[in-house]
Amino acid sequence: MAKKRSGGGLTGTQQAAKFLGVSVLSGAVLAGIALPAVGALGLAAKGTVKGFDEIPANLKTPPLSQRTTILDSQGGQIATVYSRDRTVVPLKDVSPYMQKAIVAIEDSRFYEHGAVDLKGVLRALNRNAQSGGVSQGASTLTQQYVKNVFVEEAGDDPDKVAQATQQTLGRKIQELKFAIQVEEELGKKKILENYLNITFFGQQAYGIEAASHRYFSKSAKDLKLEEAAMLAGIVQSPSRYDPVNDTQEATKRRNTVLQRMADVRDITQADADKAKAIPIQLKVSKPKNGCITAASGAGFFCDYVREVFLSDPVFGKTKEDRAKVWNRGGLTIKTTLDPQAQKSAQKSIKKHVYQTDEVATAVTMVQPGSGKILAMGQSRPYGFGKTETQINYSVNQGMGGSNYGFPVGSTFKPFVASAAIEQGRPPTQMYPAPYQMPYPSQVATCSGKPWVNLGNQRLENENESEVGPYALKDAMAKSVNTYFVQMIADIGLCPVMEMTQRLGVVQGNGKKLPEEPSALTLGSTGISPLTMAGAYATFANRGTYCTPTAIESIRTADGKNLEVPQSTCTKAMTERTADTINTLLRGVIDSGTGRQAGLQSRDNAGKTGTTDGRKNAWFVGYTPNLSAAVWVGSPTQQVKMEHIYIGGKYEDKVFGGQVPGPIWRDAMTGALDGKEAPPFNSVVIPDPPKEKPEKPDDKPGDNRGQGNGGQDPFPGISIPPDIIGGGNNRGQGNGGGSGGKFP
């Protein structure tokens, strides 16, 4: 006799039973109603449906979120990243013990019933009615799979997850109809395969393959009977039956599964008893998720790859579209990272700058002619600790870098020289280049409105002995500041702006360089090492600039190849100009400020840079087949590198050639070991004629600072007017941190 509530009417459970009877009679089946009685059943307006046939039949099964593997150019693993640690495998790659165990404990009549187990439903309803509540469920494996699909589709959104798991009659009916559809379309074997791949097994492991590796460090196809039984037992309550944290409870649950397998005759009782006697023997593999686990210090390159994926429209029209693809995972991303170059860069970093130093260093390598990023490392590793950071010092702000990049100092001067040569100035060009001078009163700009030196800004050279006149060759080797300011006064700011744009040079915040002398001569503006390495690679590539690229190919979980961003190569300057710059920068290494950086076994060129207050020091250099930028400094720009220990070595004053130079040398030496050593295309640059001896009555400083009493010591070479000023004030700056010394 039906149990009635006081006051008449049926209980919630009896209402469900009545609804079940109607459904059966109409040819449909309602199952899995393991719900609380009365009001909590969900028969009110909330969570109900008007009619069973109105539920949409198109179950959209989302692609399962899987781990993405990031590889170097040789196929070595850099890192795995995922929102769900899952590797989808076919049923044939799952141990038969595992297949039998999960069916035995979760749905032993799986192969006998359809989407709904009518006997199970009646048994559950009867027991729940007797208890007055919910003591037994009746969901089949297929229904559980459907529910897991809803949860997977919800992702990490807590509201959507709550909706997907709500215990309402309407939700149960919806799951039922989808289960019927799944049974019709997929069949038992495929349902079992999908279930094993979607189910959560605890310890951040989704799917049987990830679970097998997490708990036993083996593939799912190699699971033994007792191991399979343990994993099958976890599914009902991953936290309660977690073998890592509660071996005793996990053992009880495992033995329950083994006994159930014996009861349904999947194994003999003897096999079950033997397996029960074996203690749980875990071989746990800790989850390694994200770029923080990257090998060879490549965490920041790994993060850069992620930023490229999330920002490039080739992977989706909107940021949300790209994020959805990334979070879904299952990708195999082959990158441009060269393991030899990366290991060499990281080895050099560790040798010269310690993680705990007051200052840090970043090294980035780019291949001329292709734009491929071959190495990217820094002294402060990827992480959250005191001497760790999540800021990638090598790249622009928009790609995970510092807010503004770092001032590059005199490493900017080759851009000025290349612009001047493109404008027709000869490599023998001479300027007075005094030790001190004010910035020019006016300098032409691209807009036609000249830059005006309203604040009487001044600059000086690094050493008082650096007094011109100088030709370009010596000025570049000695990094004479006043020479290049006079050069920009001669040619104007616009040619330099246009040259830097062709070289891909922007500020660290992604904006164009400011059109003013200190930024466009002495490198007072922040720029990233990747930008500098890419720009200098243009010189090595004889004038053709190629945009940096980090990804070679991407393959999806189903074997399809995705389109990836390609490097774009454009002509930035003539081959003759590039060859001239190469010759000039060889002089920097051979006899100039970069002597400590030179490579002995191959052609190489480069430029040093040190900024005002010695807060940044650079060396950017290259061979015909590899370009690299090295920055050393304080990420917060608060440390002056004077009287300081770096890498365990005391430094009185840090110069670009003194600390960054050796880092560059050692990193490049290892990266190029065993590689070909092509030569540069050299250009002959004649030395200037010898200066005539001064006469006793000559007055140094006359004739616009030419230093020989008005006599022109360089016949046939004119010095543009209004190119030089004088004055005795030193280091007053220009309000932008660029008025000091920039060797």
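The model is predicted: local features need pLDDT of at least 70, side-chain atom pairs count only at pLDDT 80 or more, and totals for chains, interfaces and linings use all residues. Residues are numbered from 1 along each chain as its sequence is written, and side-chain values use heavy atoms, with hydrogens and water left out. The protein chain has 23 helices and 22 strands. Helices (H or I, at least four residues) and strands (E, at least two) are DSSP runs, numbered from the N terminus.

**Whole chain**

- Of the 743 residues in the protein chain, 55% are buried. Buried means under 20% relative accessible area, exposed over 50%, and partly exposed in between (1.4 Å probe, protein chains only).
- Take the contacts between residues at least 6 apart in sequence: 71% of them join residues at least 24 apart. A contact means heavy atoms within 4.5 Å.
- The protein chain exposes about 32,000 Å², and carbon and sulfur atoms supply 49% of that area. Accessible areas come from the Shrake-Rupley method with a 1.4 Å probe; for residues, only the protein chains shown count as cover.

**Helix 14 with helix 22**

- Helix 14 (residues 339-352) packs against helix 22 (residues 660-671) at an angle of about 150 degrees, with the axes 8 Å apart. Axes are lines fitted to C-alpha atoms, for helices over the stretch in contact, and angles run from 0 to 180 degrees between N-to-C directions.
- Helix 14 and helix 22 are therefore roughly antiparallel. Angles under 35 degrees count as roughly parallel, over 145 as roughly antiparallel, 65 to 115 as roughly perpendicular and the rest as oblique.
- The crossing of helix 14 and helix 22 is right-handed. A crossing is right-handed if the near helix is turned clockwise from the far one by less than a right angle, and left-handed if anticlockwise.
- Helix 14 contributes Gln 340, Ala 341, Ser 344, Ala 345, Ser 348, Lys 351 and His 352 to the contact. Helix 22 contributes Pro 662, Ile 663, Asp 666, Ala 667, Gly 670 and Ala 671.
- By class, the contact of helix 14 with helix 22 holds six nonpolar, five polar and two charged residues. Ala, Val, Leu, Ile, Met, Phe, Trp, Tyr, Cys and Pro count as nonpolar, Asp, Glu, Lys and Arg as charged, and the others, Gly among them, as polar.

**Helix 15 with helix 21**

- Helix 15 (residues 413-422) and helix 21 (residues 575-591) pack at about 140 degrees, with their axes 10 Å apart. That angle makes helix 15 oblique to helix 21.
- Helix 15 and helix 21 cross in a right-handed sense.
- Pro 414, Ala 417, Ser 418, Ile 421 and Glu 422 of helix 15 meet Thr 577, Thr 580, Ile 581 and Leu 585 of helix 21. Five of these residues are nonpolar, three polar and one charged.

**Covered helices**

- Helix 8 (residues 208-216) has eight of its nine residues buried, so it is largely enclosed by the rest of the structure.
- The buried residues of helix 8 are Ile 208, Glu 209, Ala 210, Ala 211, Ser 212, Arg 214, Tyr 215 and Phe 216. Their cover includes helix 2 (96-106), helix 7 (188-198) and helix 9 (225-234).
- Helix 2 has Met 98, Gln 99, Ala 101, Ile 102, Val 103, Ala 104 and Glu 106 buried. Cover for these residues includes helix 4 (141-154), helix 7, helix 8, helix 9 and helix 10.

**A buried loop residue**

- Asp 72 sits in the loop between strand 1 (68-71) and strand 2 (77-81). Its relative accessibility is 10%, so Asp 72 counts as buried.
- Leu 337 is 265 residues from Asp 72 along the chain, yet their C-alpha atoms are separated by 4.9 Å.
- Not counting residues up to four places away in sequence, Asp 72 touches Ile 78, Lys 334, Thr 335, Leu 337 and Pro 339.

**Backbone details**

- Most residues other than glycine have a negative phi, and most peptide bonds are trans.
- Gln 203, in the loop between helix 7 and helix 8, has a positive phi near 50 degrees. Gln 203 is partly exposed, at 28% relative accessible area.
- Arg 265 has a positive phi of about 65 degrees and lies in the loop between helix 10 (247-263) and helix 11 (269-276). Arg 265 counts as exposed, at 76% relative accessibility.
- The peptide bond from Gly 468 to Pro 469 is cis, with omega near 10 degrees. Pro 469 is in the loop between strand 11 (458-460) and strand 12 (470-471).
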